Amino acid sequence: MRTYLDHLTVERGLSRNTLSSYRRDLDRYVESLTAAGVAELAAVTRADLTRHLMELREGTTDHPALSAASAARAVSAVRGLHRFAVREGLVGADVSREVKPPPTPKRLPKALDVDQVTRLLSSVTGDEPLALRDRALLEFLYGTGARISEAVGLAIDDLDEALVTLHGKGGRTRIVPLGSYARSALDAYLVRGRPPLVTAGRGTPAVFLNARGGALSRQSAWTILHRAAQTVGLPADGPRAVSPHTLRHSYATHLLDGGADVRVVQELLGHASVTTTQVYTLVTVERLREVYATAHPRAR
């Protein structure tokens, strides 16, 4: 096992936290094998692996049960160990090949409701260059569903009246509509907010600039949203914190709630596969359940 962990450290370059998790997972695996009287990796059977997986999910007297996600990580560590042993000639066959990790539950994307989005977008006031920029950025993120990297990478030439060209993952580009609210906020920023910032900097083509005239960074864009969320009392810290991606999730969810076809939303989001987009349909189903539960006289 030590040789395998050294391999992960040197050749795979895994982070310290990931290595620590793998070490705990493998220590628990060795304990399980030892308790079953299995002293060598070459003696492990598929039944041993299946029993270990059950112990992970159900727990033992020494270890609590793991969630599906944690058990899946543990099984991944164990399967990696067996594959490594085969490659190194330590065992003749990989008995873990047919043992699959438990399916992890689909996590529904976080999405704000329309009222929350409205409050968030109205949180930035003032006519100073940075206030105009912040308001334009927030309206742009929600009005286009752009990823934060696409927003901070936006150039002046990417804007064309009511359309915008976004440069997404894998070098893919897409053209999406720009709604009237986002267009109005952008116009105000481009006319009255950006010129003073350009004067302070080196004339970068980026749309969204920092106070020194350079392109706005991802972290700075996150900070702008964090500050806006705090202003209107939305979660700004913790697992439910509002992030730039929250506005992208909200954009997709509200389009589907309004009757948009899932394949249209796929194109607008720049997803390579419609399967990625379909997770948002689960969000709308949850919304339907909420409405039903609160509105129907015999729902409860």
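How many bridges join S2 to S3, and in which sense do the two strands run? Five bridges join them, and the strands run antiparallel; the views below start from the whole chain and come back to this pair.

**View 1. The whole predicted model.** This is a predicted model, where local features need pLDDT of at least 70 and side-chain atom pairs count only at pLDDT 80 or more, while totals for chains, interfaces and linings use all residues. Residues are numbered from 1 along each chain as its sequence is written, and side-chain values use heavy atoms, with hydrogens and water left out. You will find 13 helices and three strands here; helices (H or I, at least four residues) and strands (E, at least two) are DSSP runs, numbered from the N terminus. The C-alpha atoms fill a box of roughly 75 × 60 × 35 Å along the principal axes. The radius of gyration is 25 Å, whereas a compact globule of 300 residues would have one near 19 Å; the value is taken over C-alpha atoms, and the globule rule is 2.2 Å times the number of residues to the power 0.38. Of the 300 residues, 42% count as buried, where buried means under 20% relative accessible area, exposed over 50%, and partly exposed in between (1.4 Å probe, protein chains only).

**View 2. The three-strand sheet.** The open sheet has the order S1-S2-S3, with antiparallel pairing. S1 and S3 stand at the edges with a single partner strand each, so one side of each is left without a neighbour in the sheet. Two strands pair if DSSP finds at least two bridges between them, and S1 and S2 are joined in the antiparallel sense by two bridges.

**View 3. The loop between S1 and S2.** Glu161 lies in the loop between strand S1 (159–160) and strand S2 (163–167). Most residues other than glycine have a negative phi. Phi of Glu161, however, is near 55°, a positive value. This residue is exposed, with a relative accessible area of 64%.

**View 4. The S2–S3 hairpin.** S2 and S3 form a hairpin with five residues between them. Gly170, in the turn, has a positive phi of about 65°. Across the pair, Leu166 stands opposite Arg174 in S3.

**View 5. Gly168 and its contacts.** Gly168 is found in the loop between S2 and S3, and at 22% relative accessibility it counts as partly exposed. Setting aside residues up to four places away in sequence, Gly168 touches Arg147, Glu150 and Arg174; contact means heavy atoms within 4.5 Å. For a sense of scale, Gly168 and Gly214 are 46 residues apart in sequence and 21 Å apart in space, C-alpha to C-alpha.

View 6. Is Thr144 buried or exposed? Thr144, in helix H6 (residues 129–144), is buried, with a relative accessible area of 0%. Leaving aside neighbours within four places in sequence, Thr144 is in contact with Val164, Val176, Pro177, Leu178, Tyr251 and Leu268.
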